Amino acid sequence: MKLAGFLKALGAAVQDAEEETFELFSQELPSQNLGFIDSKAQSLELTDIAGQEFTITQSPAILSSNRAGGTTGAVVWKITPLFAEWLSSPRNPLFTHGLLSPSSLVLELGCGISGLVALLLGPRISRYVLTDQPYVARLVEQNVADNRHQQQQQQPSFSSSSAGAAAAAKTTRPSKSRPPARPSRRGFPAHAASAGNVSRDRGGSAAGGIHFTPLDWETDQVTPALTGSVEAQSFDVVVACDCIYNEALVGPFVSTCVDMCRLRAAEVSQGTTTAKEPCVCVIAQQLRDPLVFEAWLTRFTVSFHAWRVPDEWLVPGLRSNSGFVVHVGVLKDDISL
């Protein structure tokens, strides 16, 4: 099994949530504030992320609003460019061990408005499904469409220049003299629609192999329809980037991770597909509150075997003492240690 070699290379699984929390929060963690790149900027120009440049439109207004259900997905977080660069690199162990490949399906939970992980990883796999609450839809669709158009004019390059990914960012803030450009009513710029870069299906949106569909962890049901594919009924990898900051959401978040990963076993049990590797869950986060982190890991390890990704596998900006951490999980129902 490809997964067996991957997990063997990872080393020992996390044995105790309290010990893992103590070890991580005993590091000299840098001051990251809440972790935004610039929460007041209307747009961000992110440079040298895997050799590419991206312009991301944000919504400071939504972030500062009293919208019920949360607003944190309205801006870009510092960990996102780092995680996007690391995950999409051909040197990432998920690729070198064959768990990610050109035929892979990946789903992201809590994607926010940037679409950065999808923009970098999407071209290297078969299908990337972005999910989040409906308020994210317009801006993530706009950012994917705009930046896919830019990517067509850039020569792809997969580097590990994480210093650049750590936010070599220029910001643009709205002013009375130059208001920000207004997106079209559907969130797509005219050039993208006319060029055929963006389409919609199954209630979501698509740009090439990148698709968005709304998903609320507390109210929506996880079904095979999320793949948006007739042939595939499950995902190879489920990812989440900086989604763990509120203890009240720990339960719904972990339950959604479990349900997503269980789609793979359900698909295989139907006998409609050849044997596939279990789904792998990859979770990156900023180390903010030890109580919230421990609550997440305690709940997560009820259903998952979990491993902390070692420094030698990570780009410098995600390693020890960076204030960030990446864990990998596989359902206990799927493997035995």
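These questions and answers cover cavities and aromatic contacts in a predicted model.

Reader: How many charged residues are in the lining of the second largest cavity?
Author: The space in this second largest cavity is about 30 Å³. Its lining consists of Trp-217, Cys-243, Ile-244, Tyr-245, Asn-246, Leu-249, Val-250 and Phe-253. By class, seven are nonpolar and one is polar, and the number of charged residues is none.

Reader: What is the angle between the planes of Phe-300 and Phe-304?
Author: The whole structure has eight aromatic pairs. Phe-300 and Phe-304 form an aromatic pair, with 4.2 Å from centre to centre. Planes under 30 degrees apart count as stacked, and this pair is stacked, at 5°.

Reader: Is Phe-304 buried or exposed?
Author: Buried means under 20% relative accessible area. Phe-300 has 1% and is therefore buried. Phe-304 is at 1% relative accessibility, so Phe-304 also counts as buried.

Reader: Which residues form one aromatic cluster with Phe-300 and Phe-304?
Author: Rings pair if their centres lie within 6.5 Å. Besides Phe-300 and Phe-304, the cluster includes Phe-25, Phe-293 and Trp-296.

Reader: Which residue lies over the face of Phe-95?
Author: For Arg, a charge sits over a ring if CZ is within 6 Å of the ring centre and within 35 degrees of the ring normal. At 4.2 Å from the ring centre of Phe-95, the residue over the face is Arg-124.

Note on methods
Residues are numbered from 1 along each chain as its sequence is written. This is a predicted model: local features need pLDDT of at least 70, side-chain atom pairs count only at pLDDT 80 or more; totals for chains, interfaces and linings use all residues. Side-chain values use heavy atoms; hydrogens and water are left out. On a 1 Å grid over the protein atoms alone, a cavity is a set of points where a 1.4 Å probe fits but cannot get out, and a pocket is an open set with protein on both sides within 12 Å along at least five of seven lines; lining residues have an atom within 4 Å of a point. Grid points are joined across faces, edges and corners, and a volume is the space filled by probe spheres set on the points. Ala, Val, Leu, Ile, Met, Phe, Trp, Tyr, Cys and Pro count as nonpolar, Asp, Glu, Lys and Arg as charged, and the others, Gly among them, as polar. Rings of Phe, Tyr and Trp (its six-membered ring) pair if their centres lie within 6.5 Å; planes under 30 degrees apart count as stacked, over 60 as edge-to-face and the rest as tilted. Buried means under 20% relative accessible area, exposed over 50%, partly exposed in between (1.4 Å probe, protein chains only).
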